Amino acid sequence: MNTQNIKQKIIKFHDKNYKLLLLLPLSVFLLSIFYLFSFYSANNDFIYKDFSLSGGTSITIQGNIDAAKLENELSSQLENLNTREIYDLITREKTGIIIQTSSEQEMTKKILEDYVGYELNEKNSSFEFISAGLSENFYKQLIMAILAAFLFMGIVVFIIFRTFIPSIAVIISVIADIIMTLVFVDILGIKMSAPGLVAFLMLIGYSVDTDILLTNRILKRHEGTVNRKIFNAFKTGISMTATSILAILSALFVVSSFSIVLTQIFSVLIIGLFFDIFNTWVTNTSLIKWYVEKHEN
Amino acid sequence: MIVILLLSLLSIFGSPTKIFQEGVLVTSVESNSTASNEGLQKGQIIEFVDGKKVTSLEDYLLIMNQKFPSENNLKTVINTKDSEIIFFTNDFPEITVSEIPKTNLVTGLDISGGSRALVKPQDVSLSSEETNDLVDLIRNRFNVYGIEDVSVSKVSDLSGDEYVRVEIAGTTPEDLRALISEQGKFEAKIGEEVVFVGGEKDITSVARSGEQAVIESCQKSTEFYFCNFRFTIFLSEDAAKRHADITSKLGTNSSADGNYLSKKLDLFIDGKLVDSLFINEGLKGQVTTQISITGSGFGETEDDAYEDAFNSMNRLQTILITGSLPYKLEIVKLDTISSSFGDEFSKSILIAGIVSLFAVSIFVFLRYRNFKSSLALIFTSISEVIIILGIASLIRWNLDLPSIAGILATIGTGIDQQIIILDESREKSSSINFRLKRALVIIVAAYFTGLVAMIPLYWAAAGFFKGFALTTIIGITAGVLITRPAFSDIVKKIQKD
């Protein structure tokens, strides 16, 4: 079989079943909603929060300190203790350790100074402290920002396409993308940080790009069949997502050695981009094809 | 686009002559020191010391270390670009210098190190004007304490709360926490009666140097060293009269050291007793405007004790001069970032960027099989980063961690959009101009969705992510207005060949 034949087979399959295909994202979406509700009732929130969203201290200490040992010994004294070692990229030599806890700053500093045996000052360490009140504030506002961004994005999409169903299709795809990413992040047990939430905001932007590409090509081009248009859009769209995933994946390898924040941002983005492939080319595609076929008749 | 690229490079690195400038930059001059009295100012560049050329920080330190400290006052000649400054001193001139920064990029605390605090009044909500007053008061406190290089500003967020944000680049003062949040309510009482309080109404001036503000002596006790300080404060007439009234009613006690009044002068800061001074019999009923305040610092070594005493004296003087805050402040966020992390960090970010770009270029080459297109894409992306950095240095924007994340985000969207253009250019239908216009439509649509997504972020979370929102917005705007059209032109040219 050559590629022509395979293409024909895929097109025939899609033409027959594209509406049924919607069951796939629909079921994943429903499962996600269900998961989120049970998550909420178990944890009183939709995400696990790290110190930057629930209050606490993060201390980065230079030097070769064993993270596992520290965690073992101090987890009884420091609440919600979390450690991570940081490395030099090239020599793979351990350069320091990042310690996160929801305990208060002065107390944490004292406990750590006792543990390492020397004074922690600005020459050998960095501190970040945020009060519980402020972090709760940040959390609420970042959520507000994400919802506002959604709203504005939706309005812009409507203005661009001026037709109801295609615009809704785009918005549904982006919503599905964010929700599925959220669920995956929860399943992995990742504790979200404030910058991590900002990554979701970035994801909205990346996700909507491929959907706009698809919808634009289908609605505004007048030559070729729907399938041809979808196929061409797919070629471009997949290239876009692939380069993004490639770029972020390579950056992820580099930053995972020294920054928790950047690691989290990039991880959220990669997960989101994979779900974007699913949601743009299954969910959005089926919906817009449905619209076009209906519209044509 | 080439023009803008060059302008951006110019903006980042400064004029070409600056790159070749040799010397060290004066980052601060102690006020009232001999050097500042002769005219040396912050921001000047020292090129020669005593006729010897200074090309780096090491040169400067070498020369200074060879001269000081010395027994006699030595003549020191410092040449800057436009002036010559001569002064005599027997110890290190109170000047801090640093290497001349290579770029005009203003790096945020996350990279260059420093401290940042967010404070808000406890249990009280302030009007806008009251917050502005608070900002001035805090800045004043830092300046009086001796820290000039501090940025104090008002910040508000989406929920309407207002905070004061304090940022100090470079080294962190020992008592940053205390300096910011201590209410600094100072009271001097005899018994239950208040004689005077901190602030300019009761205290007209406070001696800060010379014979009237000294660290007197240091001794060793069993485990620690103690150093004692003493400084004079001058009371206003009202406060002095109050002192006279209250002391006139007291009796006297005799002791081995002399005759003192029956009650002591108790000093309270924020309700805590910090010192108790004996009042000499001779002062009973006298309108005295001079009061000597004493105290001590301690430490494990004599140097530590000396430094502790110095800091305590400084803090006390600051509180007495600036008076107290009418309310308590709560520190809701405090970050102190070591400057040593900064260089590592920048290096690593650069490597991450290069690795990503490399991975993407391989993909692009494989997909399009066209060397020129791939090259154009990479070139455009790199230019975009340079342009964003150029704009950032032009507006002196602080590049912190969120800003850098924003730049990374823009590179991603930029590459996406270039792929849209590339694909469009490879189609065989219609004219190239028409196709490129179609691509641009999609790109503009994507631009607006990106723009509106970033706008709420600009104001959320007490402005901590402003950097991200701003660099992303600058990036995508520069993308749509400059690099995307430029890339289209390049693609058009490639197509023609």
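The model is predicted: local features need pLDDT of at least 70, side-chain atom pairs count only at pLDDT 80 or more, and totals for chains, interfaces and linings use all residues. Residues are numbered from 1 along each chain as its sequence is written, while chains are lettered from A and ligands numbered from 1 in the order in which they are written.

**Chain A as a whole**

- Chain A contains 10 helices and six strands; helices (H or I, at least four residues) and strands (E, at least two) are DSSP runs, numbered from the N terminus.
- Along the principal axes, the C-alpha atoms of chain A fill a box of roughly 80 × 40 × 30 Å.
- Chain A has 297 residues, and 45% of them count as buried. A residue is buried if 20 or more other C-beta atoms lie within 10 Å of its own, exposed if 12 or fewer, and partly exposed in between, with C-beta atoms placed from the backbone.
- Among the contacts in chain A with a separation of 6 or more, 76% link residues 24 or more positions apart. Two residues are in contact if their C-beta atoms, placed from the backbone, lie within 7 Å.

**Domains of chain A**

- The domain assignment gives domain 1 (3–49 + 133–296) and domain 2 (56–130); such bounds come from an automatic or database domain assignment.
- The C-alpha centres of domain 1 and domain 2 of chain A lie 37 Å apart.
- Six residues of domain 1 of chain A touch six residues of domain 2 of chain A. On the domain 1 side there are four nonpolar, two polar and no charged residues.
- In these classes, Ala, Val, Leu, Ile, Met, Phe, Trp, Tyr, Cys and Pro count as nonpolar, Asp, Glu, Lys and Arg as charged, and the others, Gly among them, as polar.

**The sheet across both chains**

- Eight strands form an open, antiparallel sheet in the order β3(A)-β4(A)-β2(A)-β5(A)-β21(B)-β8(B)-β10(B)-β9(B). Two strands pair if DSSP finds at least two bridges between them.
- β3 (82–87) of chain A and β9 (150–156) of chain B each have a single partner strand, so one side of each is left without a neighbour in the sheet.
- Neighbouring strands are turned by 15° against each other on average, direction ignored. Axes are lines fitted to C-alpha atoms, for helices over the stretch in contact, and angles run from 0 to 180 degrees between N-to-C directions.
- Helix α4 (residues 67–74) of chain A packs on the sheet and touches β3 and β4 of chain A; its direction makes about 160° with that of β3(A).

**Strand β2 of chain A**

- Six of the seven residues of β2(A) are buried.
- β2 (residues 56–62) pairs with β4 (residues 94–101) of chain A over six bridges, and β2(A) also pairs with β5(A) over six bridges.
- Ile61(A) has Ile97(A) as its bridge partner in β4(A) and Ser125(A) in β5(A).
- Ser58(A) is bridged to Gln100(A) in β4(A).

**Where chain A meets chain B**

- The contact takes 60 residues from chain A and 54 residues from chain B. The chain B side divides into 34 nonpolar, 13 polar and seven charged residues.
- Four bridges join β5 (residues 125–130) of chain A to β21(B) in the antiparallel sense, and Glu128(A) stands opposite Asp335(B) in β21(B).
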